[in-house]
Amino acid sequence: MGFDEVHKMDITGDGVDETVGVRRNEDGSVEYHVDIDGDGTADMKAVDVDGDGVIDHVLLDHDGDGKYDAAVVDADGDGELDAVAEK
């Protein structure tokens, strides 16, 4: 899985840079894959569905098993993430 861009930035605010892979899809959506714990596997995927610069939903892997187990979405389209679903 290649990325269009790879960046190092402090996503969690702890002073340590995480790796962020950016994928720009043909449908105009943009995915941000974030490796929070440095194991080479994304623990978070933020998606801008329509490429407008606003994140529409975020998938989270809380237990580090490589599978997303929670989602946060902008349910009402106001630009703020407001609904959480967990497995």
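Is Arg 23 buried or exposed? At 15% relative accessibility, Arg 23 counts as buried (under 20% relative accessible area is buried, over 50% exposed, in between partly exposed, with a 1.4 Å probe and protein chains only).

## Ground rules

This is a predicted model, where local features need pLDDT of at least 70, side-chain atom pairs count only at pLDDT 80 or more, and totals for chains, interfaces and linings use all residues. Residues are numbered from 1 along each chain as its sequence is written, and side-chain values use heavy atoms, leaving out hydrogens and water.

## Two salt bridges

The structure has two salt bridges (a side-chain nitrogen of Lys or Arg within 4 Å of a carboxyl oxygen of Asp or Glu). In one, Arg 23 pairs up with Glu 31 at 3.3 Å, N to O. Glu 31 is buried too, at 15% relative accessibility.

Glu 5 and Arg 24 also meet in a salt bridge, at 2.8 Å, N to O. That pair ties together distant parts of the chain: Glu 5 sits in strand E1 (residues 5-9) and Arg 24 in strand E2, 19 residues apart. Strands here are DSSP runs (E, at least two residues), numbered from the N terminus. Glu 5 is partly exposed at 27% relative accessible area, and Arg 24 is partly exposed at 46%.

## A buried Glu without a partner

Now look at Glu 18, in strand E2. Glu 18 is buried yet has no salt bridge, and the nearest side chain of opposite charge, Lys 8, is 8.9 Å away (Lys and Arg count as positive, Asp and Glu as negative, with His and the chain ends not counted).

Key:
Helices (H or I, at least four residues) and strands (E, at least two) are DSSP runs, numbered from the N terminus.
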